Amino acid sequence: MSIPQFFVTRWEQEQNAFGKVLRALPGDQLDYRPHERSTSAGDLAWQLAQEQRGMCELIQKGQQIWDNPPRPASLDGIVAEWDAATNELRNCLQSLDDAKCAGPCNFIMGGKPVWSDTLGNMLWGYLFDMVHHRGQLSTYIRPMGGKVPSIYGPSADEQ
């Protein structure tokens, strides 16, 4: 298995857990944050959708310009955008090969490149960041009154 194929396999294997965590959020508490310096649940969920779109932009253009548009007002809107971004990325991932993954890539924020690396390394970085934020978001669910879904095994709420 090539490295790009391995990435796609791992990305696909994480998708179910992402969807379960997003759908487990209590939709009436998107502004919940456990601390004043924490990102709100809705903004974290929205970031996950935007990172899926960002990976597609990296694959198609060799760069992503982070603009982070305002999130939808409802959980249903965020989940719909997540689903659309996931399907779009699934299509973009079909073009990955070793040569493309070895090519240069840039993450641009505020008009300046803040991260430059190979496409392959950036895709892994995005996936790791998304897994990190999924874990962060999963810790919000129970204090919000929801039930934490299984991610890599049963959760205390599912046993």
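Colleague: Which residues line the largest cavity?

Modeller: First the general idea. Rolling a probe the size of a water molecule over the atoms shows where empty space is left. Now the case here, in a predicted model. Ile3, Pro4, Phe7, Leu96, Cys101, Gly120, Leu123 and Trp124 line the largest cavity.

Colleague: Which elements each supply at least two residues of that lining?

Modeller: Two helices are to be named: α1 (3–24) and α5 (119–141).

Colleague: How do the lining residues of the largest cavity divide by class?

Modeller: Seven are nonpolar and one is polar. None is charged.

Colleague: How much space lies in the largest cavity?

Modeller: About 30 Å³. The structure holds one cavity of 30 Å³ or more.

Colleague: Now the pocket. How many residues line the largest pocket, and which lie nearest its centre?

Modeller: The lining has 13 residues. Gln50, Arg53, Gly54, Glu57 and Gln64 are the ones nearest the centre of the largest pocket. Two or more lining residues come from each of α2 (41–61) and β1 (63–65).

Colleague: Which element gives the largest share of the pocket lining?

Modeller: That is α2, with seven residues.

Colleague: And what is the make-up of the pocket lining by class?

Modeller: Count three nonpolar, five polar and five charged residues in the lining of the largest pocket.

Colleague: How much space lies in the largest pocket?

Modeller: About 150 Å³.

Conventions. Residues numbered from 1 in each chain as written. Predicted model: local features only at pLDDT ≥ 70, side-chain atom pairs only at ≥ 80, totals over all residues. Heavy atoms only, no water. 1 Å grid on protein atoms, 1.4 Å probe; cavity = no way out; pocket = protein on both sides within 12 Å on 5 of 7 lines; lining within 4 Å. Points joined across faces, edges and corners; volume = space filled by probe spheres on them. Helix = DSSP H or I, 4+ residues; strand = E, 2+ residues; numbered from the N terminus. Nonpolar A, V, L, I, M, F, W, Y, C, P; charged D, E, K, R; others polar.
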